[in-house]
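Q: I am new to this structure and would like to learn how to read it. Could you take me through it one feature at a time?

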Amino acid sequence: MTSFKVTRVQTSPIDGQKPGTSGLRKKVKVFVQPHYLQNFVQSTFNALGADKMKGATLVVSGDGRYYSKDAIQIIIKMAAANGVRRIWVGQNGLLSTPAVSAVIRERVGADGSKANGAFILTASHNPGGPNEDFGIKYNMENGGPAPEGITDKIYSNTTTIKEYLIAEGLPDVDISKIGLGNFTGPDGQFDVDVFDSASDYVKLMKSIFDFKSIMNLLSSPKFSFCYDALHGVAGAYAKRIFVEELGAKESSLLNCVPKEDFGGGHPDPNLTYAKELVARMGLSKLDNTEDPPEFGAAADGDADRNMVLGKRFFVTPSDSVAIIAANAVQAIPYFSGGLKGVARSMPTSAALDVVAKHLNLKFFEVPTGWKFFGNLMDAGMCSVCGEESFGTGSDHIREKDGIWAVLAWLAIIAYKNKDNLGGDKLVSVEDIVRQHWSTYGRHYYTRYDYENVDSGGANQLMDYLVKLQSNLTEVNNIVKGIRSDVSKVVNADEFEYKDPVDGSISKHQGIRYLFEDGSRLVFRLSGTGSEGATIRLYIEQYEKDPSKIGRESQDALAPLVEVALKLSKMQEYTGRSAPTVIT
């Protein structure tokens, strides 16, 4: 058994190591600087406390992006030096973010051990490669992201750190092979368990969904299916679940080999970046697809986000979570006893609110960030939740879950067609969405992203919008001067959230302009970029009139879009005449 000793390495604080909503994200060239990763990891160990780390079991894996394998070896050596008892690593260092949450909550080691937390190595939907992004975040024993109290402590530690601990003499672990490595150090035995990335997660999905009914759907000659992992970690699960468990054809899978640079693409599942899937589904501008599949879906780099498409039809993430909530009890066995409640992030459209009211469900509107949903779930107050940035999930774990969302949609389609698989035409994705609109009304909705904007200009724009809110008469004069056919602004605020579980208050969570007819404009600075600022503008209009729910979204929203851009002086403050991404 190889033995190691603990070395204390002198270091000093490095600026800018404040974790955002999903951990610390920077360019790879930043992370590879001397002591950079080590400082952050030691600051995390220090924030959690030596009493919690001694004898702990930690998961260390991620989406496989460039620098992950090096980072895993560094974290293993630092964990050993900080008294951690064992490390669990997904084979090849691959574990999706939802799978990490599932492993923390569900996996039991051969010696009966359970995980106490995890370092997840991901920058989510951001590009990967030597010149692109890397990220790291810590998840707690409930499987969810570290709360602000912990991330604030981590950041504070990064500003005062003087040394970090690392195991000297501990060899690199071969993470390509499943097996257990045993080592010994000052605190006794230290193990590294390399395990199959998919088994625990697949087992959990089979306990939630009726795989037999989904298999019947996928075997129907009238149903066709396509899944695009965008060369992210979802590829480590796609073949196991969709092909081996559910019987889909292997040709149904696109870009399902995980790559360190995501094949040179941008692993963000939206209409802009998932070009190959969008074309296959008949939604590209040059639609030359004769017969697109009935159902298509995509994942982001770490497989927590999803995009759902029908044949020549896009399902907005806001509609997706509302439709899942409306059909969950009937279509998904896990929810057969009823929903405890539902929740959405503030910028997400109010489609879920209408479902909650109709079904008499508890409803919560929270800031952006999955930890807010996690609090509600831990308290038994929420079953299904979602955010407009292509994140959907439930209380089976404490992260959003892209593959779960795809399985939820397949379960709903299977349920809607349970007596119809031999019929002339299946109930399609578009049929399900339009039926939902006819019952609950339609929330026309879009998001404009302005990425890598100068931070100074972005902050000036937000300050201007806050000041403008103090005089609604002036706001409405400006609005009417831009478009006389737009409703009146009746309220404007900066969203603030008081957590009903722990009483914590989150301020400055987005600027809202609320209109008399239920329309909304929301402006937010996103915390998921690695440099510059990202301004997100959300535009929503509610339509109850059945004769008006079939319009093209861009036509229905055009007046509000014009108001939003001119009211905010977007071009003046950012220098941008158009958004980077429209979703």
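A: Gladly; let us start with a helix. The buried residues of α5 are T97, P98, A99, V100, S101, A102, V103 and I104. Buried stands for under 20% relative accessible area, with exposed over 50% and partly exposed in between (1.4 Å probe, protein chains only). Helices (H or I, at least four residues) and strands (E, at least two) are DSSP runs, numbered from the N terminus. The model is predicted: local features need pLDDT of at least 70 and side-chain atom pairs pLDDT 80 or more, while totals for chains, interfaces and linings use all residues. Residues are numbered from 1 along each chain as its sequence is written, and side-chain values use heavy atoms, leaving out hydrogens and water.

Q: How many of the residues of α5 are buried, and which residue caps its N-terminal end?
A: Helix α5 covers residues 97–106, and eight of its 10 residues are buried, so the helix is mostly covered. The cap is S96, with a side-chain oxygen 2.9 Å from the backbone nitrogen of A99.

Q: Which residues have the most contacts inside the largest nonpolar core?
A: In soluble globular proteins, nonpolar side chains tend to be buried together. A nonpolar core is a set of buried Ala, Val, Leu, Ile, Met, Phe, Trp, Tyr and Cys residues joined through side-chain atoms within 4.5 Å. Here the largest one has 84 residues, and Y227 and F242 have the most contacts inside it. Helix α14 (residues 402–416) gives the most to this core: 12 residues. There is also a second, separate core of 45 residues, V84, Y164, F183 and F190 among them.

Q: What does F242 touch?
A: A contact is counted when heavy atoms lie within 4.5 Å. Not counting residues up to four places away in sequence, F242 touches L218, F225, Y227, G247, A248, L253, I403, V406, L407 and L410.

Q: Is T57 buried or exposed?
A: T57 is buried, with a relative accessible area of 1%. This residue is found in strand β4 (residues 57–62). Its side chain makes a polar contact of 2.7 Å with the side chain of R86. A polar contact is a pair of N or O atoms within 3.5 Å; within protein, one must be able to donate a hydrogen and the other to accept it, and residues adjacent in sequence count only if both atoms are side-chain atoms. Leaving aside neighbours within four places in sequence, T57 is in contact with R86, W88, S113, K114, A115, N116 and G117.

Q: In what order do the six strands of the open sheet run?
A: Two strands pair if DSSP finds at least two bridges between them. The order is β21-β24-β25-β26-β20-β27, with antiparallel pairing. At the edges are β21 (489–494) and β27 (581–582), each pairing on one side only. Strand β20 (residues 442–453) is joined to β27 by two bridges, and Y448 stands opposite I582 in β27.

Q: What is the pairing in the open sheet of five strands?
A: That sheet has mixed pairing, in the order β12-β11-β13-β14-β15. Within it, β13 (residues 295–299) and β14 (residues 306–310) pair in the antiparallel sense over five bridges. The bridge partner of G296 in β14 is L309.

Q: Stepping back, how many helices and strands does the protein have?
A: The protein has 19 helices and 27 strands. Of its 583 residues, 60% count as buried. The C-alpha atoms fill a box of roughly 75 × 60 × 45 Å, taken along the principal axes.
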